[in-house]
Amino acid sequence: MPKMDQSLVFKDVEKCLGAGGCIAMFPEGGSHDNSDLLPFKAGIAMMTLGTIVKTGQVPIIIPSGLKYFKRHEFRSRCVLEFGRPYKPTKKIVELYKSGDKRKAIALMLKDLEARMREVTMTAPSINELHAIYMARNLYLPKNLDSFTPEQENEIYQRFNKGYYQVKDKPETQQLVEAITSYRQMLKLLNIEDE
C-alpha cells in the first residue's frame, strides 16, 4: 500500500487530546491473531508527544489487554484488563522538543510495550502459548468456579508474571517442550485433556 499522509488525523487527535478528550489507539496498527505483540507503530508516540508540545496537555495512556479464558471456544468469556497509567517522562518530552524525535519515540514505545506486556499473555510462537495455557491450567485451583472473574483474572496475571521471570531457564524450556509433545499426542489421538 502507498504511504498515507496522516497529518490530518494527527491534528485531529492532538486537538481532541489537547482539549482533555479521550481516544482509543491500537499501537500495533491493526488486529491479528499472532501469539505475540506486533512491533508498535510510531503514531501513538507522535500523537502523544505532539499533543504535549502543541497544547501543553499531557495525555495519560491506559494500557489495555484483552484476555480470553477459552479462546478456542465461540463466545468465550474474556476480560479487558487495564494496566498502570502511563505518561511520557520529562526526558522523553525534552528529547522530542529538542529535535531528537526518533530517540524520544523509541524510548516511549519501549515503555509502552513493557506496560502492554503487563496486561497481555504473549509468547514467541503459538505452540509455546498453548503450552503456557496448559501449564497454567494445571496449576489453577480445583474450585475455580467459586472465584469471582476478578479473582480468576488475578490468578492468570500472577501466572503470567511468574512465567516471564523463569521463561529463559532450561527447566522451563524443557517443560514447554514436554507439554508441546503431550499436546501433539492428544491431537494425534483426537482426545482432549480434562
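A crossing of two helices is right-handed if the near helix is turned clockwise from the far one by less than a right angle, and left-handed if anticlockwise. Helices here are DSSP runs (H or I, at least four residues), numbered from the N terminus. The model is predicted, so local features need pLDDT of at least 70 and side-chain atom pairs count only at pLDDT 80 or more, while totals for chains, interfaces and linings use all residues. Residues are numbered from 1 along each chain as its sequence is written, and side-chain values use heavy atoms, with hydrogens and water left out.

Helix 1 (residues 7-18) packs against helix 2 (residues 43-55) at an angle of about 55°, with the axes 9 Å apart. Axes are lines fitted to C-alpha atoms, for helices over the stretch in contact, and angles run from 0 to 180 degrees between N-to-C directions. The two helices are therefore oblique to each other; angles under 35 degrees count as roughly parallel, over 145 as roughly antiparallel, 65 to 115 as roughly perpendicular and the rest as oblique. The crossing of helix 1 and helix 2 is right-handed. In contact (heavy atoms within 4.5 Å) are Phe10, Val13, Glu14, Leu17 and Gly18 of helix 1 with residues of helix 2 including Met46, Met47 and Gly50.

Helix 2 also packs against helix 3 (residues 90-97), at about 80° and with axes 10 Å apart. That makes helix 2 roughly perpendicular to helix 3. Met46, Leu49, Gly50, Ile52 and Val53 of helix 2 touch Ile92, Val93, Tyr96 and Lys97 of helix 3.

The axes of helix 3 and helix 4 (residues 101-118) come within 7 Å and cross at roughly 155°. Helix 3 is thus roughly antiparallel to helix 4, and the crossing is left-handed. From helix 3, Lys91, Ile92, Leu95 and Tyr96 take part, meeting residues of helix 4 among them Lys101, Ala104 and Asp111.

Tyr96 and Lys101 have a further relation: the charged end of Lys101 sits over the ring of Tyr96, 5.0 Å from its centre. A charge sits over a ring if NZ of Lys or CZ of Arg is within 6 Å of the ring centre and within 35 degrees of the ring normal.
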